[in-house]
Amino acid sequence: MSDNKSNKPGTPKDTHYAKLRRAHRDQKAGGAAAFRPRQPVPPGEAPAEGLVRLYGLHTVRAALDNRRRKIKKMLVTRNAAERLAIGDLSALPFKTELVEPKDIDRITGSDAVHQGVLIEAEPLKPKRLDALGDTRLVLVLDQVTDPHNVGAILRSAVAFGAGALITTARHSPQESGVLAKSASGALEHIDQIEVKNLADALGQLHEAGFQTIGLDSDGPAELEKTFAGDKIALVLGAEGKGLRQKTRETVAALARLDMPGAIRSLNVSNAAAVSLYAARKFLANSE
C-alpha cells in the first residue's frame, strides 16, 4: 500500500524531485545561469528647496497621522498602500502616484530601505526653549551629528516619554530621510527644540527647575546615584569627543553609566536609551 501523504505537493519528497528536475534542465542547457548581482542605483537629485523626502512604512504612517506635517507628494507601491491601509489614493489631500519599487530606487538610491513608499514634505519647524511645556524629562545633545544616531535617540526618547529633544542649531543633522527612517516614526511624536548657545540653554533649564546631568564615561558618580529633584535633563555628547568642556562646566552634575565589563563606553544612542530608562524609573518612583 502506497503512502499518499508522501506524494502531496509541497512535501520534502516533492521538493527533492523538483531540485532534480531543475538540475537536469540546467545540465541540458549547458549549466545553471551565472549569478548576476543587482547593480546599485545611486540617489537621484535632491528635493526642491524647502522640502525633505521621508520614506519607510513607519515613518510615512506617522507623518500621515501628524496634523503638523505638511505633505506635498507621495510615491507608493500597491503593496505599500495596502500595508498603510490607504484604500483610495485619490482621497488624499496631496498629489499621489502609484509606482513600482524601482521608481523610488531612482530617487532614494537602492541602498535606502524605503519599503515602497516615499513622501515629499515640509520639514517640521523646531520649537523655542520657552515652549518646553510641563515635561519632567528632556534630552539634550551636544553636537551629535550622525543622523542614524540622532534618529535612534529620537526613537528611545519617545519610547521612554521624554518631552523634548534639544539640539544646537549648528553641528546637528537636519531632518532627512535617513534620520527619519532611523527614528521609525518618532520624529512626529516629540518636540524638537533648537538653541544657538547650549550653555545658555542649560542655564534656562536650571531656572526652570531641571537637574542637568552630563553623561561621561569618567563621571565621578553612577548615574542612578546622581538623580535629584523632579525634573531631569540628560546631556549627551558626540561620538568620540563626548561633551565639550564648556558643557561639562555648565551641567549641574557629571555622571557615568556603571559598566563592569571590559568595554567602558557605549554608542551614544545606546547610552541615551539606558540613561532614559534609569531617569524614567527614578521619576516614576519619586511621584
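I count a residue as buried under 20% relative accessible area, exposed over 50%, and partly exposed in between, with a 1.4 Å probe and protein chains only. Helices (H or I, at least four residues) and strands (E, at least two) are DSSP runs, numbered from the N terminus.

**Ground rules.** I'm looking at a predicted model, where local features need pLDDT of at least 70, side-chain atom pairs count only at pLDDT 80 or more, and totals for chains, interfaces and linings use all residues. Residues are numbered from 1 along each chain as its sequence is written, and side-chain values use heavy atoms, leaving out hydrogens and water.

**Entry: strand S5.** I started with S5 and found both faces covered. Leu137, Leu139 and Leu141 are buried on one side, and Val138, Val140 and Asp142 are buried on the other. In a regular strand, side chains alternate between the two faces of the sheet. Six of the six residues of S5 are buried, so the strand is largely enclosed by the rest of the structure.

**Entry: its neighbours.** I looked up pairing next (two strands pair if DSSP finds at least two bridges between them). S5 runs parallel to S10, joined by six bridges, and Leu137 has Ile232 as its bridge partner there. On to S6: three bridges join it to S5, also parallel, and Val138 is partnered by Ala164.

**Entry: the whole sheet.** I then traced the open sheet of seven strands, S7-S6-S5-S10-S8-S11-S9, with parallel pairing. Its edge strands are S7 (191-195) and S9 (221-222), each pairing on one side only. Helix H7 (residues 198-207) packs on the sheet and touches S5, S6, S7, S8 and S10, where contact means heavy atoms within 4.5 Å.

**Entry: cores.** A nonpolar core here is a set of buried Ala, Val, Leu, Ile, Met, Phe, Trp, Tyr and Cys residues joined through side-chain atoms within 4.5 Å. The largest has 48 residues, and Leu139, Leu154, Leu223, Leu234 and Leu236 have the most contacts inside it. H9 gives the most to this core, with seven residues. I also noted a second, separate core of 18 residues, which includes Val138, Ile193, Val195 and Val251.

**Entry: who touches Leu154?** Not counting residues up to four places away in sequence, I listed Leu165, Leu179, Ala183, Ala186, Leu187, Ile190 and Gln192.

Definitions and conventions
Axes are lines fitted to C-alpha atoms, for helices over the stretch in contact, and angles run from 0 to 180 degrees between N-to-C directions.
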